[in-house]
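Here is a short report on side-chain contacts. It covers aromatic rings first, then charged pairs.

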Amino acid sequence: MMKKLRIGFVGAGSIMRVHAETIRTRNDAEVVAVADVSEPSLDVSCAKFGITQRFNDYNEMLNKCDLDVVFVCSPPIIHAEATMTSLRAGCHVLCEKPPAMNATEAAAMASLAEQSELRLFYGLQRRFQANAQATRKYLEQGRFGEVYHASSHWFRRRGIPGLGSWFTNKSVAGAGALYDIGVHMFDLTHYLMGQPTPVSVSAASHSRFVSHPETYTYTGMWGTRVTGGTCDVEDIGMFLVRFANGATLVCQASWAANTKESIELRIMGDKGGAMLDGGKELTILGEDNGFIADIHPMLKNDAARADMLTHFFDAIHNPEKPLITGGRDGVVLQAMLDAVIESAEKKREVDVRIPEIAAD
């Protein structure tokens, strides 16, 4: 019988609780400790999951607790530091998105993980959706032919999280809608294209609702609003990525916009394509026996987070198993995100610069 993995969390907020709910349905892992600077967050999470080892400093948690895995569920500004400290303590790491504040940090994280022979994994659960995994199989089997274009969007009508909190503070979050929800669609689209090498990005962003918090009207809010807090990020962003193989990708993401809420992804190849919605639907588009034809695969029940953790834990026990969202994926993703932010700020196309990962 495999050893039950002992897990500690950096961050006791909402996303920590989502992960902990999934973990407590398993018999191969247990949450034993959590660290957060917020006492109210610790109170809620520790009471909900029966966690007795609680800390205000994750360094103390790592020093005092015998952990196998650390989940980094903090604001992005802490991702690199908390991940690398956990790796140095001998722990495998699941880090939430975005990977870091910049690609240099992401490369250092990936390098340390490889040198330490530990697993660095990113919480990009949309890659594990049933419709995404099915689409990837069609891609790998050559059913799309050459994929030359893809597009995706995630539009919220009124969905700014924690207005005035760290979510809307660029120095802590790195960006707004692009880093919070855009990263999921961007990453998944790139994954379903076969992960071609990015060359350049042309991006734009707007802040029409975040920048006027006093007049922002909404029906619900993820996260805790902080009146008078910093609000200096975008609430909508869009960009075009050009790849070395000539393919292109267009992505849009909004926290708040006067448009209908929608999540959609399209893959276009010269032999076939795919269309995915935000839930379980998948349509494969192509030709059959001389006719234009659509295929609607009957997919298994979606369990993206559970499947993601199964993959991660299996990879910890089997060092040779490739990670679906490993450290090197994070470097490329973060390099593209860096270019998106730079292009939006400079209002022109910029090159994607992917830093090298240091060898042993």
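Rings of Phe, Tyr and Trp pair if their centres lie within 6.5 Å; planes under 30 degrees apart count as stacked, over 60 as edge-to-face and the rest as tilted. This is a predicted model. By the ring rule, the count is 9 aromatic pairs.

Phe 121 and Phe 128 form a tilted pair, because their ring centres are 6.2 Å apart and their planes stand at 55 degrees. Both Phe 121 and Phe 128 are buried. Tyr 216 and Tyr 218 are stacked, because their planes are at 20 degrees, with centres 5.3 Å apart. Tyr 216 is buried at 7% relative accessibility. Tyr 218 is partly exposed, at 34%.

Now the charged side chains. The count comes to 20 salt bridges. The table gives some of them.

| Salt bridge | N to O distance |
|---|---|
| Glu 60 and Lys 64 | 2.7 Å |
| Asp 180 and Arg 156 | 4.0 Å |
| Lys 170 and Glu 345 | 2.4 Å |

Lys 170 sits in helix α7 and Glu 345 in helix α10 (residues 327-346), so this pair links distant parts of the chain, 175 residues apart. Lys 170 is partly exposed, with 29% relative accessibility.

Glu 60 and Lys 64 both belong to helix α3 (residues 58-64). They are 4 residues apart, about one helical turn. Glu 60 is partly exposed at 31%, and Lys 64 is exposed at 57%. Asp 180 is buried, with a relative accessible area of 13%. Finally, salt bridges link Glu 21, Arg 24 and Lys 48 in a network.

Note on methods: Residues numbered from 1 in each chain as written. Predicted model: local features only at pLDDT ≥ 70, side-chain atom pairs only at ≥ 80, totals over all residues. Heavy atoms only, no water. Phe/Tyr/Trp six-rings, centres within 6.5 Å; stacked < 30°, edge-to-face > 60°. Buried < 20%, exposed > 50% of the residue type's maximum accessible area, 1.4 Å probe, protein only. Helix = DSSP H or I, 4+ residues; strand = E, 2+ residues; numbered from the N terminus.
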